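Please keep the sequence and the model in view while reading.

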Amino acid sequence: MISDIQQDAAARMAKSIEALQKAFTKIRTGRAHPSLLDQISVSYYGSESQLSQVANVSVEDARTLKVVPWEKGMVQAIEKAILSSGLGLNPATQGTVIRIPLPALTEERRRDLVKVVKSEAEQGRVSIRNIRRDANAAIKDALKEKLISEDDARQGEDKIQKLTDQYIKEVEKHLEEKEADLLSM
């Protein structure tokens, strides 16, 4: 019973970490990385497709992304999708190759992005704590229904707390990495 609750909590906490990492990839650091364009959708023959499914995205140099569509007719649609993505990127088209220069971040903008990253990390911590609360509530319900003993309940809550601490440390590790990445260069 307790192991099921613990496994469920661990799985949900892992999903929270994944969500945090996805949120972090959307915050650009001034360094070119193909994952920066992951959330961009392109209209491809009437249906929305991920940019990575209609073009090859690669890093040309430290501050330039290169997008090569698989079909010549997709150049305009890809360029339009990048412009309307809200990422503040200005693609430059040269034939069938789209180059996206990433402007250098100002010190003020870096500080603002650090605040955004800290906010995302706090949301991740809150999510993990909510999962802990749910798991502890499930343990208390099992105790009320006399499915487990008080000792088992106490041990289960201790295990859930250790799990929570482990995932909170992981959030902190990801936060430190992203902060260092933002403040470098």
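The text below treats the confidence of the model, then its domains, its sheet and its helices.

The structure is a predicted model, in which local features need pLDDT of at least 70, side-chain atom pairs count only at pLDDT 80 or more, and totals for chains, interfaces and linings use all residues. Residues are numbered from 1 along each chain as its sequence is written, and side-chain values use heavy atoms, with hydrogens and water left out.

**Confidence and domains**

The mean pLDDT (the predictor's confidence in each residue, from 0 to 100) of the chain is 86, and 97% of the residues score at least 70. Confidence is lowest in strand S1 (residues 41-44), with a mean of 82, and highest in H4, with 91. Helices (H or I, at least four residues) and strands (E, at least two) are DSSP runs, numbered from the N terminus.

An automatic or database domain assignment supplies the domain bounds. Domain 1 comprises 1-27 + 106-184, and domain 2 comprises 34-101. The centres of the two domains, taken over C-alpha atoms, are 34 Å apart.

**The sheet**

Four strands form an open sheet in the order S3-S4-S6-S5, with antiparallel pairing. Strands S3 (55-61) and S5 (92-94) are at the edges with a single partner strand each, so one side of each has no neighbour in the sheet. On average, neighbouring strands are turned by 25° against each other, direction ignored. Two strands count as paired if DSSP finds at least two bridges between them. Two of the pairings are set out here.

| Strand pair | Bridges | Sense | Residues standing opposite |
|---|---|---|---|
| S3 and S4 | six bridges | antiparallel | Val59 and Leu65 |
| S4 and S6 | four bridges | antiparallel | Leu65 and Ile100 |

A hairpin of two residues connects S3 to S4.

**The helices**

Helix H2 (residues 75-83) lies across S3, S4, S5 and S6, at about 15° to S6. Axes are lines fitted to C-alpha atoms, for helices over the stretch in contact (heavy atoms within 4.5 Å), and angles run from 0 to 180 degrees between N-to-C directions.

The axes of helix H1 (residues 2-25) and helix H4 (residues 150-183) come within 10 Å and cross at roughly 10°. H1 is therefore roughly parallel to H4, a term for angles under 35 degrees. The contact of H1 with H4 has 15 nonpolar residues (Ala, Val, Leu, Ile, Met, Phe, Trp, Tyr, Cys and Pro), four charged ones (Asp, Glu, Lys and Arg) and five polar ones (the others, Gly among them).

How values were computed:
Angles under 35 degrees count as roughly parallel, over 145 as roughly antiparallel, 65 to 115 as roughly perpendicular and the rest as oblique.
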